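Subject: Structure handover

Hello,

Here is the structure I promised to pass on. Please have it open while you read my notes.

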Amino acid sequence: MAYLLLAGAILSEVLATTAMKYSDGFSKLWPSVYTGVGYLVAFVLLAQTLKSMSVGTAYAIWAGVGTALIAAIGMVFLGESASALKVLGVLLVIAGVVVLNAAGTH
């Protein structure tokens with residue numbers, strides 16, 4: 001159940017960050033509202049996740065997966081550059097999450 005809550009938290013955070021891009025510096029009402037609601041939901045779900053998962057593991061997954069998803073959304077849908085170095089950076093973030101999770105099981 002903790003991983004399901006964490007997945008919801010990550011999805012909410014990614015949607016909120018994407019809405020923030022469209023809020024034009026919080027000058028557009030609805031993207032700004034979606035940003036606030038998305039982050040509120042994300043933090044509530046993350047808080048629930050932390051009841052049964054260690055903070056290090058939860059935050060590593062949250063930060064790593066969220067960063068990778070936002071970077072991919074930027075490159076695929078928002079016209080941001082997709083250089084080999086940027087892709088390598090995203091892969092290193094994902095590798096870091098995998099290593100932290102593997103280390104947590106020993």
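This is a predicted model: local features need pLDDT of at least 70, side-chain atom pairs count only at pLDDT 80 or more; totals for chains, interfaces and linings use all residues.

Residues are numbered from 1 along each chain as its sequence is written, and side-chain values use heavy atoms, with hydrogens and water left out.

The protein chain has four helices and zero strands. Helices (H or I, at least four residues) and strands (E, at least two) are DSSP runs, numbered from the N terminus. The order from the N terminus is α-α-α-α. The C-alpha trace spans about 45 × 35 × 15 Å along its principal axes.

The chain has 106 residues, and 30% of them count as buried. Buried means under 20% relative accessible area, exposed means over 50%, and partly exposed lies in between (1.4 Å probe, protein chains only). Contact means heavy atoms within 4.5 Å. Take the contacts between residues at least 6 apart in sequence: 62% of these join residues at least 24 apart.

**α1 against α2**

Helix α1 covers residues 2-22, and helix α2 covers residues 29-49. Their axes come within 7 Å and cross at roughly 160°. Therefore α1 is roughly antiparallel to α2. Axes are lines fitted to C-alpha atoms, for helices over the stretch in contact, and angles run from 0 to 180 degrees between N-to-C directions. Angles under 35 degrees count as roughly parallel, over 145 as roughly antiparallel, 65 to 115 as roughly perpendicular, and the rest as oblique.

The crossing of α1 and α2 is left-handed. A crossing is left-handed if the near helix is turned anticlockwise from the far one by less than a right angle, and right-handed if clockwise. On the α1 side, the contact residues include Leu 5, Ala 9, Ser 12, Ala 16 and Met 20. On the α2 side, they include Tyr 34, Thr 35, Gly 38, Leu 45 and Thr 49. By class, the contact has 15 nonpolar, seven polar and one charged residues. Here Ala, Val, Leu, Ile, Met, Phe, Trp, Tyr, Cys and Pro count as nonpolar, Asp, Glu, Lys and Arg as charged, and the others, Gly among them, as polar.

**α1 against α3**

Helix α3 runs over residues 55-77. The axes of α1 and α3 come within 9 Å and cross at roughly 40°. So α1 is oblique to α3. This crossing is right-handed. From α1, the residues that meet α3 include Tyr 3, Ile 10, Val 14 and Thr 18. Among their partners in α3 are Ile 61, Trp 62, Val 65 and Ile 73. This contact has 12 nonpolar, four polar and one charged residues.

**Two threonines in α2**

Thr 35 is in helix α2. It counts as buried because its relative accessibility is 2%. A polar atom of its side chain lies 2.8 Å from the backbone oxygen of Pro 31. Leaving aside residues up to four places away in sequence, Thr 35 touches Ala 16, Ala 19, Met 20 and Phe 26.

Thr 49 is in helix α2 too. Its relative accessibility is 0%, so it counts as buried. Its side chain reaches the backbone oxygen of Leu 45 at 2.9 Å. With residues up to four places away in sequence set aside, Thr 49 touches Ala 2, Leu 5, Leu 6 and Ala 58.

**The loop between α1 and α2**

Asp 24 lies in this loop. Its phi is near 55°, a positive value in a residue other than glycine. Phe 26 lies in the loop between α1 and α2 as well. Phi of Phe 26 is near 65°, again positive in a residue other than glycine. Phe 26 is exposed, because its relative accessible area is 52%.

Lys 28 is also found in the loop between α1 and α2. At 44% relative accessibility, Lys 28 counts as partly exposed. Lys 28 touches Tyr 22 and Ser 23, not counting residues up to four places away in sequence.

**One glycine in α3**

Gly 56 sits in helix α3. It is partly exposed, with a relative accessible area of 48%. Gly 56 and Leu 100 are 44 residues apart along the chain, and their C-alpha atoms are separated by 8.3 Å.

Best regards

How values were computed
A polar contact is a pair of N or O atoms within 3.5 Å; within protein, one must be able to donate a hydrogen and the other to accept it, and residues adjacent in sequence count only if both atoms are side-chain atoms.
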